[in-house]
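Me: I have a chain open here and would like to go through it with you. Could you take my questions one at a time?
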Amino acid sequence: MSVNELSELNSSGRLKNGHDGKLKFIFSFLIIFVIDQAIKVLFLNGFEWNNRCISLTLAINKGVAFSMFSFLGNYLKYIQLILIVLLGFYFIKEKIINKYPILSGILFGAALSNLSDRFIRGGVVDYVYWHCGFNFAIFNFADTMIDLSIILFAYFYFFKKNDKISSTVA
């Protein structure tokens, strides 16, 4: 940390100019992206595990959940790229990234990890397959992080709208 940055610390140890939120966003983004890609490399290199209810096995998903929209082929990745960029602009305009830097980083890290699969591997690398009692869509760590972040965003929106949110959680 530079001398200029140290002089910008307030009494709680946070940077006055909001850099702490940017750092939290970047850190959570990178952590999720790297973890997801590392797990996917394991499966791309042949890792597999099966039991009665769950299988960890490689699948390249050319669609989205339950392989929907796979008929869009190569166009799907460009549609998703446009949607992620628009969501990013919305999060910046509405200052959602500033208010929830960690959750935003998780959401965008996971979304861009799956999107990078589409550009690099031709589809999303999925590997968790639930088949106990019913067959569920095959999914991955990034999908779980997207779902978790959306659930937490909804929780904060509906139940904690007027509360001060701890920046360590959001």
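Me: How much accessible surface does the chain have, and what share of it belongs to carbon and sulfur atoms?
Reply: Bearing in mind that this is a predicted model, the accessible surface of the chain comes to about 10700 Å², and carbon and sulfur atoms account for 68% of that surface.

Me: And what percentage of the residues is buried?
Reply: Of the 170 residues in the chain, 34% are buried.

Me: OK, what's the secondary structure, and in which pattern along the sequence?
Reply: The chain has six helices and three strands, and reading along the sequence gives the pattern α-α-β-β-α-α-α-β-α.

Me: Let's turn to helix packing. How do α3 and α5 cross?
Reply: Helix α3, residues 75-93, and helix α5, residues 101-121, have axes that come within 10 Å and cross at roughly 160 degrees. Because of that angle, α3 is roughly antiparallel to α5, and the crossing of the two is left-handed.

Me: Which residues make that contact?
Reply: From α3 the contributors include Leu76, Tyr78, Leu81, Ile84, Leu87, Gly88 and Phe91, while among those from α5 are Leu107, Phe108, Ala111, Leu112, Leu115 and Phe119. Sorted by class, the contact of α3 with α5 holds twelve nonpolar, three polar and two charged residues.

Me: Why does Ala110 count as buried?
Reply: Ala110, in helix α5, is buried because its relative accessible area is 0%. Setting aside neighbours within four places in sequence, Ala110 is in contact with Ile32, Ala142, Met145 and Ile146. The C-alpha atoms of Ala110 and Gln37 are 9.5 Å apart, although the two residues are 73 apart in sequence.

Me: What about α2 and α5, what's the crossing angle?
Reply: The axes of helix α2, residues 19-44, and α5 come within 7 Å and cross at roughly 35 degrees, and this crossing is right-handed. By class, the contact of α2 with α5 has twelve nonpolar, nine polar and five charged residues.

Me: Two residues from α2, then: is Lys40 buried or exposed, and is Phe27 buried or exposed?
Reply: Lys40, found in helix α2, is buried, with a relative accessible area of 0%. Phe27, also placed in helix α2, counts as exposed because its relative accessibility is 59%, the threshold for exposed being over 50%.

Me: What does Lys40 touch?
Reply: Not counting residues up to four places away in sequence, Lys40 touches Ser113, Asn114, Asp117, Val124, Val125, Tyr127 and Asn140.

Me: And how many residues along the chain separate Phe27 from Gly105?
Reply: Phe27 and Gly105 are 78 residues apart along the chain, with their C-alpha atoms separated by 7.4 Å.

Me: Last topic, backbone. What is the phi of Lys95?
Reply: Lys95 has a positive phi of about 60 degrees although it is not a glycine. Most residues other than glycine have a negative phi. Lys95 lies in the loop between α3 and α4, the latter being 96-99, and counts as exposed, with 53% relative accessibility.

Key. Residues are numbered from 1 along each chain as its sequence is written. This is a predicted model: local features need pLDDT of at least 70, side-chain atom pairs count only at pLDDT 80 or more; totals for chains, interfaces and linings use all residues. Side-chain values use heavy atoms; hydrogens and water are left out. Helices (H or I, at least four residues) and strands (E, at least two) are DSSP runs, numbered from the N terminus. Buried means under 20% relative accessible area, exposed over 50%, partly exposed in between (1.4 Å probe, protein chains only). Accessible areas come from the Shrake-Rupley method with a 1.4 Å probe; for residues, only the protein chains shown count as cover. Axes are lines fitted to C-alpha atoms, for helices over the stretch in contact, and angles run from 0 to 180 degrees between N-to-C directions. Angles under 35 degrees count as roughly parallel, over 145 as roughly antiparallel, 65 to 115 as roughly perpendicular and the rest as oblique. A crossing is left-handed if the near helix is turned anticlockwise from the far one by less than a right angle, and right-handed if clockwise. Contact means heavy atoms within 4.5 Å. Ala, Val, Leu, Ile, Met, Phe, Trp, Tyr, Cys and Pro count as nonpolar, Asp, Glu, Lys and Arg as charged, and the others, Gly among them, as polar.
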